[in-house]
Each structure stands twice: as C-alpha cells, then as structure tokens.
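I want to go from the overall fold down to a handful of single residues.

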Amino acid sequence: MFKPELFKSFKGYNGKTLTSDLIAGVIVGIVALPLAIAFAIASGVEPQRGLFTAIIAGFCISFFGGSRVQIGGPTGAFAVIVYGVVAKYGYSGLVTATIMAGIILILLGVFKMGGLVKFIPYTIVTGFTAGIAVTIASGQIGDFLGLVPDFSTPMMILGEEYSKMPGDFLPKIIVYVKSISTINWYSFAMASVCLAIIFLWPKVTKRIPGSLVVIILATIADIFIKKYTGFSTETIGSRYGSIPSSLPAPALPAFSISTIVDLFPTAISIAVLAAIESLLSAVVADGMIGSKHDSNTELIAQGIANIASPIFGGIPATGAIARTATNIKNGGKTPVAGIVHAVILLLIMMVLGRFVVYIPMAALSAVLINVAWNMAGFPAIRALLKGQKSDICVLTVTFLITVFIDLTVAIEVGLGFAAFFFIKKMIDVSEVQSDKQTLVGGIKVGGQEELLDIPQGVLVYEIEGPLFFGTVRKFELAVEEAKVDYQVLVLRMRNTIYLDAGGIRALEQCLEACKRKNVTIVISGIHTQPYLLLEKTGAVEKFGRENIFDNIAAALNRATEIVSRKE
C-alpha cells in the first residue's frame, strides 16, 4: 500500500521537531543552490533548469517518498546521460526520456521491485560512479582553464565534424588540446584558488559548505577585479543570459512514436540510475538515523518527481546523498525538512535570482571538480583493488565503458561479466569444497545439527549459501528485522562457501551498524574462500582475528566472554 513517510511522521509531531526541520531545511536549501546550478550546466542545459529541478523534484520526493530524511534534486550522476540526449535530441527529447523514466520508476514501485536494484553488484555501481565522476571532471576543463574553442567552422575530430562541444570523452579532450592556446590565465587562477578553498574549508568549519563560500567570494571578487583591472572571465549571465525569478508554466513536449522508441533505452538508463542512487542514499540515511525506509514507496516518489520536473522545465532527479547527509547532520527529522528546502530554493530564486548571472563559470567548474572528486569513491576503489581478480575485472570494464562508450552499455556488460564470474566461482568452489570443510576443520556432527546452548544477550544468525550481490539484500533485511536485545551477534557462515565484493561490503556495513549499537560481531565456521578474501581486503582486522572461529562452540564461548565483560 502506498503510504508516504510524510504522513506517518505526523504521529507525535511537535514544535521541537518542526523547529529542527525548519533549521535543517533552510540550511540544505542554501547548500543546494550552487549545486543545482552547477549540475544543470554540467548537463549541458541552462542553469535555471537545475533550480526548477531542485524545487519541483525536491518537493515531490519529500512529499511522496518512503524515507524520513531523503533530499532529492539534480545530481552529477545524470550529467553524462542528459548531456548526450540534449546534444542529439534537444531539450524536448530530454523531457520525453525523463517522463518515460518516471513512469518506469512508478511501475517498479507499484510492482514492489525496490529490492531488485540490490541485484546490481557493488563493483558495477562503484565502476560506473567513478566513470561518471571522470566524465564530469573532464567536462569542466574548458571552464577551469577559460578555453574558448573555435567552432565557427566545423572541427574535424576522429573522422567526425563537430559544430559545438562534443559530449563524448575522447573528442572533448581533443577539443581542449586543440584550444589550449586560448587559455585565460585569470580564469585558471580563480578556479585554482576556489578549488583550494573548497578542499581546505572543512578545516575551518563543516557547517557551512565550501562550495557556497567560494561561489559568493568568487562572484564578489570577480565584480571588483573586472571593474578595477579589466581582467574578465565568462559568467553565467554572459553565457546563458538572465535567470527567471519564477517557475515556468507547466508544458508537455510534442511526443512522437519514433522519438519514444529511440529514447526508450535512455529512459531505462535514467530510471535505473535514479533507482540505484536514491535507494543507496536512503540506505545511507537509514544507517545515520537508525530508521528504515520503504524502497517501493521511494521509487514511486522518484517516478512522480521525474514526471513533474521536466513538465516544469527541469531535468532528471534522484535522492542526493550529500544533501541528505547535510539534512541529517543539521537536525532534519521528517520529510518536512525536504519540503522546506524546496520552498527556500523557490524564495531564493524569486528574490536573488537576478544576482546568479554574476557567478563566474571558473568558480562553478571548481565546485563540480570537487563534486567529481568526492563522487569517484577512491576508498571503495582501493578496497576493491585488494580483492578478487574477478571483482577488479568487472570494476575496470564498467569504468572504461562508462567513460569511453556509454553508461547503459557499461551496466549491461558489467552484469554479464559479474554473472559469468559468479558461475565460474560456483563451479570452482563446488569442486574444491564439496565436503564443506572450514578453514580448520569439519562443521557437522554425524550429519546432524548440533543442539546449541545460546547464552543470554547473544543472537546467532546463520547465512545459508553464498553471500554475493544477489543475496546481499536478504542478509541486510534479516539483520535489520532481528528485533532482539543482544550484545553479541554470531554470524554462522558454515554454509557460506563463496563471498564477493558486495558480500564484503554488506558484512562491513553490518559491522558499522553493530558498533553504533555497541554490539560485537563474532564469525563462526568460515570457509577458505571467504576467509582469504576477508584477509586480502583487510576486513579480518576490522572484525578482529580474536572474533573469527572455525566452529560454533568456540564462537559461543567467545560470545559468553564478551557478554560477561560488558556486564
């Protein structure tokens, strides 16, 4: 049954909660302003379309969503897709694709397919996210250096003629190389200073985002520098003209069957990406607030937002992890904070929209390069590179195809590789460990289950079968739903003969959640392949070697010791 979290949260709502939501909403609204503009420009559309998206989609995602604290709006993940669609089909084509994606998202939610998103392996998500980050960063080189490519006559690149900046990675880099003589040293200096401030600003304070600070400082500095020195760089106004101070009237594009057919694969890409990013954001939020979102309701909300956004002149939207975290850290308790954030953005656009035209493009390029850096996920990549060769292969292939070919193809090929490697691993593991031996010794007594004497305060959870990308969500749900007051969680892995990167991540997330509740994890009956992978990725040290055992009796003795110490 479709029941948005907003209406559930009104139970017990009071003045204190309202105050917290108002403060968080105002802060997130201010934080979202430069990001909304920057993501629109990175996507190849006018800056105001980012504001329209943050207002309309942000409101819809909070009003209809299944998460208490999710903040929605434009994100960097869509920049690659949107840029390509706009370049080929124009903005009307993007509207068509986004509305189709919205319908797909609603259908996924209605038919309770929210859990299916978890079947996309962690390696693929990491690979294409890093690929998108590289693409976003590469798209900002021109503004960072103040380059002025000359398309007065079509530019021949790799056998094709371009009359404007290409959307693909390699042609874009070639255009930059050919235009390097037009570098604007003033733009380069401004962008470099802005980027340095953004990186160093958290050491000053984390409450005010560095991106907002550099936008304000760079705009003021640019106005005075132009006035007294004559140095100049491109601004939003010089490139895009004025910014409207109100929302546009709703309008539908002129649909055609041929356009719908051509853009259907793109619509699927937008829908899949929106589903993945929004549900990942909601899961991260759950961990921060100790709550649980409704994934199917969240998908329906994402669908409504992606239908409404383009009708009001916006672009695709999804849940934004950074803005959601900002909301939580500033006291956001319910979806009211997300609604306030949308209203604040509308008020800013109405009152201060005319000043947006003075923002230098060099400063925005620094903001987007910082976004790309954070988005790339270097810690996750480093961890995966320590793992299995199959995971490294899937990660690398997905990354390269995302950067050099297409995101949709990257997901399809990545899934194909992941499935192939999984089948191969199952065959290998079945041959080597058909007798189900643990790292040290056997696990069954006479082929029968042992009668376990489980101490008070200890929960034993047995993982049946391989813990890989296809079963991770079941594991997460089972741990979430264990409503037992326990101090030690014993994970029994005697029947888990295979583990992949997604399984490692699920175990580490479980470990982090347990640490927040002062619960210790003890692992029992671990097999060779899972243990060696835990060892290789450094996860053994996180769990503690003293908490990993080859049999359940030793694990329960350790659990008893921990409970006694805690008491």
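This is a predicted model: local features need pLDDT of at least 70, side-chain atom pairs count only at pLDDT 80 or more; totals for chains, interfaces and linings use all residues.

I count helices (H or I, at least four residues) and strands (E, at least two) as DSSP runs, numbered from the N terminus. On that basis I get 23 helices and eight strands for the chain.

Housekeeping. Residues are numbered from 1 along each chain as its sequence is written, and side-chain values use heavy atoms, with hydrogens and water left out.

**Overall dimensions.** For 567 residues the rule puts a compact globule near 24 Å, and the chain has 25 Å, which agrees. Along the principal axes, the C-alpha atoms fill a box of roughly 85 × 60 × 50 Å.

I call it a contact when heavy atoms are within 4.5 Å. Of the contacts in the chain with a separation of 6 or more, 85% are between residues 24 or more positions apart. For burial I use relative accessible area with a 1.4 Å probe and protein chains only: buried is under 20%, exposed is over 50%, partly exposed is in between. Buried residues come to 54% of the 567.

**Cores.** What I mean by a nonpolar core is a set of buried Ala, Val, Leu, Ile, Met, Phe, Trp, Tyr and Cys residues joined through side-chain atoms within 4.5 Å. The largest one has 97 residues, and Ile 37, Leu 51, Phe 128, Ile 132, Ile 236, Leu 273 and Leu 364 have the most contacts inside it. Helix α15 (residues 361-376) gives this core its largest share, twelve residues. Another core, of 24 residues, lies apart from it and includes Cys 510, Leu 511, Cys 514 and Ile 523. I also listed the partners of Ile 132: leaving aside neighbours within four places in sequence, they are Gly 76, Ala 77, Val 80, Leu 273, Met 375, Thr 402 and Leu 407.

Thr 17 sits in helix α2 (residues 15-42). Is Thr 17 buried or exposed? It is buried, because its relative accessible area is 18%. Not counting residues up to four places away in sequence, Thr 17 touches Lys 333 and Thr 334.

Cys 393 is in helix α17 (residues 389-404). At 24% relative accessibility I have to file Cys 393 as partly exposed. With residues up to four places away in sequence left out, Cys 393 touches Phe 417 and Phe 421. I took one distance too: the C-alpha atoms of Cys 393 and Ile 562, 169 residues apart along the chain, are separated by 40 Å.

Glu 512 belongs to helix α20 (residues 501-516) and is partly exposed at 47%.

**Positive phi.** I picked out two non-glycine residues here. Lys 112 has phi near 55°, in the loop between α4 (79-110) and α5 (122-139), and is exposed at 54%. Leu 158 has phi near 50°, in the loop between β2 (155-157) and β3 (160-162). I get a relative accessible area of 62% for Leu 158, so this leucine is exposed.

Key. The radius of gyration is taken over C-alpha atoms; the globule rule is 2.2 Å times the number of residues to the power 0.38.
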